[in-house]
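Hi there,

Here is the structure I promised to pass on to you. Have a look at it first, and then read my notes below.

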Amino acid sequence: MDLANLHFQNPEAFLLLLLVPLLIADWWWHSRKRKSTIKFPALAIAKKAAKGSRARARYIVPALRLLALCCFIVALARPQNATEVEYTSTDGVDIMLSLDVSGSMSILDMLTRMDQAKLGVMNAEKVWKSGKFWDYSRLGYAKNVMAEFIQKRESDRIGLSAFAGNSYTLVPLTLDYGALLEILASVNDSTASGNGTAIGDGLMTSLARLEKSDAKSKIVILLTDGIDNASIVPPLHAAEVAKALGVKVYTIGVGKRSGTFLAFQQNPWTGEISWGEQPIPPENSLDEKTLGQIAATTGGRFYRAESKEDLEKIYSEIDQLEKTEIQTIAYARYSEKFYPWLLAGALFILLELVLANTRFVRIP
């Protein structure tokens, strides 16, 4: 039973309040029948006798007794404060982000119009020496979109691995997104050593981190712009291992298929660095067939991204496909509040005893 902001665990105790009107009627009946006499030696003295405040207080004693009874009845009903508590359970998703950091990821072929205009008016040599150009490269855009993806997740463990000619785990599965984002921001072409692109080894490194995972869903998002030419473990064999472990692999190929890209060019006579344009590497520089087979084998999908906007749409779609199932259970937590009622009842009894032992008729 709830009343105002209180919950009563034993509301049946309130049935005892039915005794209150019976007690009031009984007191009234007996007070009417009761006759008191006081002997005075003279009528003149009796007339001078008057009711004082103590005489009037005789009505307070039974009232205090009834109030005490009411307080004890409320305490017996066990009033409690109810606090709503929510318990959230999640069927988490364990995600490994596998990122290609080979030299070709520095190509500036995915520029937005605004970024291309911005770089065009900047001093090419200063941009080159400062390394600022990495922010506008395939790797820079990939890192930016991956950071946004991480920030959208709430209760999933996420890890990070990088590969070039060799493959390394940079961050094991973690819920510390802050540390993960800091390490992701520091990734560059020197993060993984070796020449070439080891897609198979990059995938195996991520799978090693998911092998003992007991998450409901386990996925790898592998991003690359090249052909596997340095792996010890062939990519398709790694895909079979992923399938056996119950890991779904999403593969993303980045880079334009054709056209030109913004590049640095150096004057052979003066050594001055300026902006220029170069043709996009041949289409077979990205092995779409193998990436597609990896995804299909594991139940994932292959995506092709030629711009930052494409990357954003891809990671957004994966985010929706691999949503964590959150179950919220609401319940009330109760804390006992009958002590104040017991204390109030005891105080009323104490006052009654004090007044009951006081003379109610004052003779001037």
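At roughly what angle do the axes of helix α7 and helix α8 cross? Before I get to that, please keep in mind that this is a predicted model.

Now to the helix pair. Two packed helices are described by the angle between their axes and by the distance between those axes. Helix α7 covers residues 138–152 and helix α8 covers residues 177–186; their axes come within 10 Å and cross at roughly 175 degrees. Angles over 145 degrees count as roughly antiparallel, and α7 and α8 are therefore roughly antiparallel to each other. If you want to find the contact on screen, look for K143, M146, A147, I150 and Q151 in α7, which meet Y177, L180, L181, L184, A185 and S186 in α8. Sorted by class, this contact has eight nonpolar residues, two polar ones and one charged one.

Next, the overall picture. The protein has 13 helices and twelve strands. Of its 364 residues, 39% are buried. Its accessible surface comes to about 21000 Å², and carbon and sulfur atoms account for 56% of that. Among contacts between residues at least 6 apart in sequence, 82% join residues at least 24 apart.

Then there is the sheet. Which strands form it, and in what order? Six strands make up an open sheet with mixed pairing, in the order β6-β5-β4-β7-β8-β11. The edge strands are β6 (167–174) and β11 (302–305), each of which pairs on one side only. From one strand to the next, the twist averages 15 degrees.

Helix α12 (residues 308–321) lies across β7 (217–224), β8 and β11, and runs at about 155 degrees to β11.

Finally, have a look at a hairpin. Strand β9 (residues 260–266) and strand β10 (residues 273–279) pair in the antiparallel sense over seven bridges. Q266 stands opposite I273 in β10. Six residues lie between the two strands of this hairpin, and G271 in the turn has a positive phi of about 75 degrees.

Enjoy exploring it, and write back whenever you like.

Best wishes

Technical notes:
Residues numbered from 1 in each chain as written. Predicted model: local features only at pLDDT ≥ 70, side-chain atom pairs only at ≥ 80, totals over all residues. Heavy atoms only, no water. Helix = DSSP H or I, 4+ residues; strand = E, 2+ residues; numbered from the N terminus. Buried < 20%, exposed > 50% of the residue type's maximum accessible area, 1.4 Å probe, protein only. Contact = heavy atoms within 4.5 Å. Areas by Shrake-Rupley, 256 points an atom, 1.4 Å probe, with all protein chains shown as cover. Axes fitted to C-alpha atoms, helices over the stretch in contact; angles between N-to-C directions. Parallel < 35°, antiparallel > 145°, perpendicular 65-115°, else oblique. Nonpolar A, V, L, I, M, F, W, Y, C, P; charged D, E, K, R; others polar. Pairing = 2+ DSSP bridges.
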